[in-house]
Amino acid sequence: MRKVLIIGLDSAPAEIVFDRRKEFPVLNRLIEGGRFGTMRSSDPPITIPAWMVMSTGKDAGRLGLYGFRHRTGPTYDKMWIATAQSINEPAIWDIIGQAGGQSVLVSVPPSYPARPVAGQRIGCFITPGADKDYTYPKELKAELEEKFGPYMFDVPFRIENRAEILREIYRMTEKRFEVLHYLMRTKPWNLFMFVEIGVDRVQHAFWKFHDKTHHLYEPGNAFETAIIDYYKFVDQKIGALLNEAGDDTVVLAISDHGAKRMKGAFCVNEWLIAQGDLVLGAAPARGANIEKTPIDWARTKAWGWGGYYARIFLNVEGREPKGIIKPADYEREREALAERLRSIRGPAGEPWATQVIKPNEYYDDARGDYPDLMVYFDDLYWRSAGTLGWGTMYLEENDTGPDDAVHAQHGMYILYDPRSKASVRKDIDITDVAPTVLRAIGLPIPADMKGTPLR
Amino acid sequence: MKKEFTAVSLPTSLYREIEDAVRGTADPSVANYIAKVLRESLKKGGSTEEVFSPEDEEKVKDRLKALGYID
């Protein structure tokens, strides 16, 4: 088996990694000697499920993962959070393990609880805290903490002190790379994979300071170069790690989806109220949560959830506890609502490129708790706000605090094979990644992986 | 995306029974019903009860909220 190193840069877009490559000498060297391009992410293009779609080669429908949270059955107020326990398909490291190989996996979402693997695993940012067992094997935690102190899973986010967030992101990344170097030196591996979540966090916190086209951008602001400076820092860190990875190791630097400026947040439930689909039992307080707001279910046809994309649920008779849409009318009602969602315009009356997905039709095999509709407002430029009582449908900022960036459907990848150097641009799909890694490592590709290995 | 299907055989009597049971429901397709029931029975994960304590789950939800994943 050959060795493969996967460098996960959560949320890194081609617009930064490729367009500014001259500023990142290490990544640029990989680009100039490797295959690279955009990678069309999963639907939805969200951290969970994207890293697992990438690692299993199965789409989100097959995994039954449509984001971090899911409605528990046809209930009004119950939900569950995706964890490592929710993954029922074999990932590349399971296949490598069966073939007798070893993997080192650091913070690949979702990896809490740290399920057993042939090798080592460290939990990701859904780990509740460093007091938990967050490693496999269990003893690895003490081994690492003795040398490096408590592991940092994430940074406290959405605090107004941006300088503080930035310091914490650097501290987290610095610590992660110390751990990566140690694991790379001391543990056997055929696959070494980590995800640096700091890339995503720095983009969410500093995009409006960086992107001149952002509606809140101010020229000459103090954080103008915060994102690019952080990328330069990560680039150096990657360079040092590559020095230890071995001369014959195949390197894949990849993101799970892209990022772009947030134009605003669209209050999906305010819109449903205005459309007559959602009827409240009482006037909501400003910013009220839909789950905590009394709803007149006898007159409600649909309600929604917020996030980077909107989930819409229909209130169907015989399915929801107080459903009113007749089963025979379900498809007609759903299509009519989808059509109205597609025709929503922006605050200045501008047309939007909104995409509406019917999960049970869209996926080959939709499993688990999927919503009736998934909506990408204006190609994801507008995030979905589920909260109520704003007095408007359009918010300039995120309803739950500052957030300047949203997700983009396309991420990026660079595949560098020291045995066949060539700078070739080729765009791929996220399902191509698992077969590509298995081929690079020298293992057969399972027949139920639909992607095509990159040659 | 093109879906792929395969055929399995069922006793006709069982098929008729399912047909009666799903008639007039939101999705009156026998095939969809069977697929749904089998998936339920195959499903191992799906619940976070055994993973997080109630306090931990709140902690994780708050973090996901702050990160913009949920509202």
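Predicted model: local features only at pLDDT ≥ 70, side-chain atom pairs only at ≥ 80, totals over all residues.
Q: What radius of gyration does chain A have, next to what the globule rule gives for 455 residues?
A: Chain A brings together 13 helices and 21 strands, and its C-alpha atoms fill a box of roughly 65 × 55 × 45 Å along the principal axes. The globule rule gives 23 Å for 455 residues, and chain A comes close to that, so it is as compact as a globular protein of that length. Its radius of gyration is 22 Å.

Q: Among contacts in chain A between residues at least 6 apart in sequence, what percentage joins residues at least 24 apart?
A: Take the contacts in chain A whose partners sit at least 6 apart in sequence. Then keep those that join residues at least 24 apart, and you have 67%.

Q: Are α8(A) and α9(A) roughly parallel or roughly antiparallel to each other?
A: Helix α8 of chain A covers residues 198-210 and helix α9 of chain A covers residues 226-245; their axes come within 8 Å and cross at roughly 150 degrees. Angles over 145 degrees count as roughly antiparallel. So α8(A) and α9(A) are roughly antiparallel.

Q: How do the residues in the contact of α8(A) with α9(A) divide into nonpolar, polar and charged?
A: On the α8(A) side the contact uses A:G198, A:V199, A:V202, A:Q203, A:F206, A:F209 and A:H210, while α9(A) brings A:A226, A:I227, A:Y230 and A:V234. Sorted by type, they come to 8 nonpolar, 3 polar and no charged.

Q: Is A:S11 buried or exposed?
A: You'll find A:S11 in the loop between β1 and α1 of chain A, with a positive phi near 80 degrees even though the residue isn't glycine. The cut-off for burial is 20 or more C-beta neighbours. A:S11 has 27 inside 10 Å, so it counts as buried.

Q: Where is A:D379, the residue in a loop of chain A?
A: A:D379 is another non-glycine with a positive phi, about 55 degrees. With 14 C-beta neighbours inside 10 Å, A:D379 counts as partly exposed. Its place is in the loop between β15 and β16 of chain A.

Q: In which loop is A:P137 found?
A: The peptide bond from A:Y136 to A:P137 is cis, with omega near -10 degrees. The bond from A:P109 to A:P110 is cis too, and A:P110 belongs to the loop between β5 and β6 of chain A. A:P137 lies in the loop between β7 and α6 of chain A.

Q: How many residues of helix α1 of chain B are buried?
A: Helix α1 of chain B spans residues 12-22 and lies largely in the open. After α1(B) comes B:G24, with a positive phi near 80 degrees.

Key
Residues numbered from 1 in each chain as written. Chains lettered and ligands numbered in written order. Axes fitted to C-alpha atoms, helices over the stretch in contact; angles between N-to-C directions. Helix = DSSP H or I, 4+ residues; strand = E, 2+ residues; numbered from the N terminus. Parallel < 35°, antiparallel > 145°, perpendicular 65-115°, else oblique. Contact = placed C-beta atoms within 7 Å. Nonpolar A, V, L, I, M, F, W, Y, C, P; charged D, E, K, R; others polar. Buried ≥ 20, exposed ≤ 12 C-beta atoms within 10 Å, placed from the backbone. Rg over C-alpha atoms; globule rule 2.2 N^0.38 Å.
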